[in-house]
Every structure is written in structure tokens, then in C-alpha cells.
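Please look at the sequence and the 3D structure shown here, and keep both in view while you read the briefing that follows.

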Amino acid sequence: MEILILVVVIALVAVVAISGLVVTSRKKKQLPPAPPSAPTITAPPAEPQVGEDAAPPRDEPRRTIEEVELPVSADEAVAEPAAVEDPVVAAPPAPEIEVPEPTAGRLVRLRARLARSQNSLGKGLLTLLSRDNLDEDTWEEIEDTLLTADVGVAPTQELVEALRERVRVLGTRTPEDLRALLREELLKLLGTDFDRTVKTEGGVDTPGVVMVVGVNGTGKTTTTGKLARVLVADGRSVVLGAADTFRAAAADQLQTWGERVGARTVRGPEGGDPASIAFDAVKEGIAEGADVVLIDTAGRLHTKTGLMDELGKVKRVVEKHGPLDEVLLVLDATTGQNGLVQARVFAEVVNITGIVLTKLDGTAKGGIVIAVQRELGVPVKLVGLGEGADDLAPFEPEAFVDALIGD
Ligand code: GDP
């Protein structure tokens, strides 16, 4: 009996021992395999975008994909002990300097923008010229189309006369013939041998000085900022003069443009003397050895005498340092005839050397380019094609006409 009890006890002990082994080994099997070490994937450096904040500083510690993807609530973030044993004190982020895009080929964008508009000047003319019967009524319609597109009376008459003569000589008209003919005649009106470069050479020891004038609201400050970007893109160093002390936000606006491309802005108190700011800006440009100084001015047209006094003074004072290289008149292309009136007033006050037509993206007309050049005898040098930082294009007559006529 005792022997039997002993055998039973031994048997029980053996069963317990074996089942313990199984459980232990099961437990081991249930353990998940060690995770493979997470790949270190760094986000590509963010492309600086217009209007976006600066990209994170480059010396930011690399983060694993989990750290990038898993959102951590603020509470958890606080509760987490600092994982980094050897903290690196991040340098304060340097102001991110943007690299503006090259200026070549920017005008092509106008084509895309006008392509959406069914009633652009060029397309309207082509449709009319393609009619089987080009009678007097049709020629009148062609004339009206040109006038409505702000081409101006004298250039319209010239163009209609030239077209009538050439269509008569041509006899049969294929769409290709008409397109070529219209292209040539529009180019003649725009003039292909104007020097449209923005002059910024300056003197031996002095920077090039460009004064930007125009009625407030036309896009003067924006254009000055965009022009700074164009110059920086071309490898020039720029100082900005915020001499529009009349409009409260103008100096801040200009400074922001400047900071984005690393250009210093010289400014004064609100309502301060524009001439002294302009003078100081050129002085700063000389001291810095800058290539170009761009001066934004105020354009209130309350009285012509006031404007004349102010701009005349700015010009005289700046010229104490040396001659101005350019006086650019900024006109809003959407204002049509009103723009021409402004052009006349400014031309009486200062010697305009180039025209900037802004907001061409906002009009399907485009004829104002022809009219304003005629009016002032001064070339359109730049055009504004939108509110984007790089939406300022050198004016090229061929690309402009191609944009007007479309494919
Ligand atoms: P300023 O008073 O003459 O200095 O005018 P601003 O530079 O402040 O510009 C007035 C407005 O016109 C702003 O909202 C600009 O973004 C806008 N603007 C300037 N140029 C262009 C352009 O080429 N196209 C469009 N669509 N808007 C423009």
C-alpha cells in the first residue's frame, strides 16, 4: 500500500513537472519576435513655398518613421521622459532665404491664363478675320474689338488699315495665313526693337538706382518686391528703400519681400519724409556695396502739385548720389483708359523710362500694352501675371502676341 501511494505521488510530481515545462515553452513561443530596427527615414527638406513659413532648421535631429507618423498628444509628450540623453541645443533658425525661380520663359504663363478666356483680343480678331465675307460691318466689328481691348484709337486705325490691305493682297485666307498676318501686325504695333532691359548698372562705385512710381493700389510695392527677387535670381545684391510712407503697411510689406530674398530694407517712421528715406537707402546701398537700390514711392494722386513736389524731391535728393538708372511707372492693366490718364500725369512729373503693367492676368484685353507705349513713347519692360512671388515677367512682344492669339 505504501509503495502504491509512493508511486502515485511520484507520478503526480512527474505530471506537474512536465506540464510546467510545456507552459514555459509555450510562453516562450508566444513572445513576439524582436522587431527589426526601424529604418531611419528623414523627411525631404521642405521646398519653401510662397507664403509658407520657413522650413525646419537643417540640424534638426533625424527622426524615425514612427516618430514622424505617430501623432503624440500634448499630455503624452509632457509625460514622456526625455529620450535624448545628450541633448543638442538647436541653433536659432536662420531666416530662410528663398531662391527665386529664373525669369526666362515666365511670360509663357500668360498664354495658359489667357487660354481659359474665350474672348481674348487675339481670338476675337481671328474669328472675325476668318469670316467668308469681310464686309464693312465685319471691319467695323474688328475695329470695335480693338477699341474695347484698350488698344487705343490711333493704333486701332493703323492696324485695321494694315489688315485690310494685306487681306486684299492675300486673296484666299487660310487660318494659318491669318494667324501669321495678325501676329506680324500686332508685333509691329508693339515694336520689337525697344530696349526692354531694366537698367541697373549704376556708376563705378555706386549701385544702380531704380525708382518705382505709380498710383497706390496698382501693385507698386508688390512689383518692387517681385523685382528684388528677379534681381537676386540674376545674382545681384539689392537694398530696398521704403519711401512709401503714406500707406501704413507699405514699409512692412516691402520689408517682408526683402527678407525673403535677403535684401535689407531702409525705412523710416510712418508719415516720414520719403525723400530722406530714399536718400538713406542709396547711402546704405553704397555703404554695403550693393548692386541695386530699389525705391518704392507713394502714389497719392490727390493733387498733381503734391505728387510733383514729392516725387520731384525724391528724385533730386537721390540724384545727389548719382543719376537714376530707371524710373518705372506701375500701371494696373485692368483700369484701361484710367491707366492712361495716370500715365500722362506721372510722365509730366518724372521722366519715366519704363512701364510695368500689373494684373495682366486679370484682363483678357491686353491692348493697353500697345496704348500706353504709344502714349508715353516708353517701352513696357515688365508685366505682372498674378499675386505669386515670381509672377513678374520680362515683357517679350513675341511671347505676348502668341499668348494673345493662342494656338
Ligand atoms: P500699391 O499700393 O501700389 O503698393 O499696391 P500693392 O503692391 O499693395 O498691390 C495691391 C494689390 O494688387 C495686392 O493685393 C497685390 O497682390 C495685387 N497685385 C499686384 N500685382 C498683381 C498682379 O500682377 N496680378 C494680380 N492678380 N494682382 C496683383
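Valine 383 has its place in strand β7, where strands (E, at least two residues) and helices (H or I, at least four residues) are DSSP runs numbered from the N terminus. The model is a predicted one, in which local features need pLDDT of at least 70 and side-chain atom pairs count only at pLDDT 80 or more, while totals for chains, interfaces and linings use all residues. Residues are numbered from 1 along each chain as its sequence is written, and side-chain values use heavy atoms, with hydrogens and water left out.

**Valine 383 and its surroundings**

- Valine 383 is buried, with a relative accessible area of 0%; buried means under 20% relative accessible area, exposed over 50%, and partly exposed in between, with a 1.4 Å probe and protein chains only.
- Leaving aside residues up to four places away in sequence, valine 383 touches Leu107, Leu357, Leu360, Asp391, Leu392, Ala393 and Phe395, where contact means heavy atoms within 4.5 Å.
- From C-alpha to C-alpha, valine 383 and glutamate 396 lie 9.4 Å apart in space, and they are 13 residues apart in sequence.
- The unreviewed UniProt entry carries the annotation "domain: SRP54-type proteins GTP-binding" for residues 379-392; its positions are given in the numbering used here, feature names are shortened, and annotations may be inferred rather than shown by experiment.
- The end C-alpha atoms of residues 379-392 are 16 Å apart, and this span is 0% helix and 43% strand.

**The sheet as a whole**

- An open sheet of 8 strands has the order β3-β2-β4-β1-β5-β6-β7-β8, with mixed pairing; two strands pair if DSSP finds at least two bridges between them.
- At the edges stand β3 (264-266) and β8 (392-394), each with a single partner strand, so one side of each is left without a neighbour in the sheet.
- Neighbouring strands of this sheet are turned by 25 degrees against each other on average, direction ignored; the axes are lines fitted to C-alpha atoms, for helices over the stretch in contact, and angles run from 0 to 180 degrees between N-to-C directions.
- Helix α9 (residues 220-233) packs on the sheet, where it touches β1, β2 (238-243), β4, β5, β6, β7 and β8, and its direction makes about 170 degrees with that of β4.
- Helix α13 (residues 337-349) also packs on the sheet, touching β1 and β5, and its direction makes about 160 degrees with that of β5.

- Strand β6 (residues 354-358) pairs with strand β7 (residues 380-384) in the parallel sense over 3 bridges, and isoleucine 355 has valine 380 as its bridge partner in β7.
- β5 and β6 run parallel and are joined by 5 bridges, and aspartate 332 stands opposite threonine 358 in β6.
- A right-handed β-α-β unit is made by β5, α13 and β6, and another by β6, helix α14 (residues 368-376) and β7; right-handed means that, with the strands pointing away from the viewer, the path from the first strand over the helix to the second runs clockwise.

**Strand β1**

- In strand β1 (residues 208-213), 6 of the 6 residues are buried, so it is largely enclosed by the rest of the structure.
- β1 pairs in the parallel sense with strand β4 (residues 292-297) over 5 bridges, and with strand β5 (residues 326-332) over 4 bridges.
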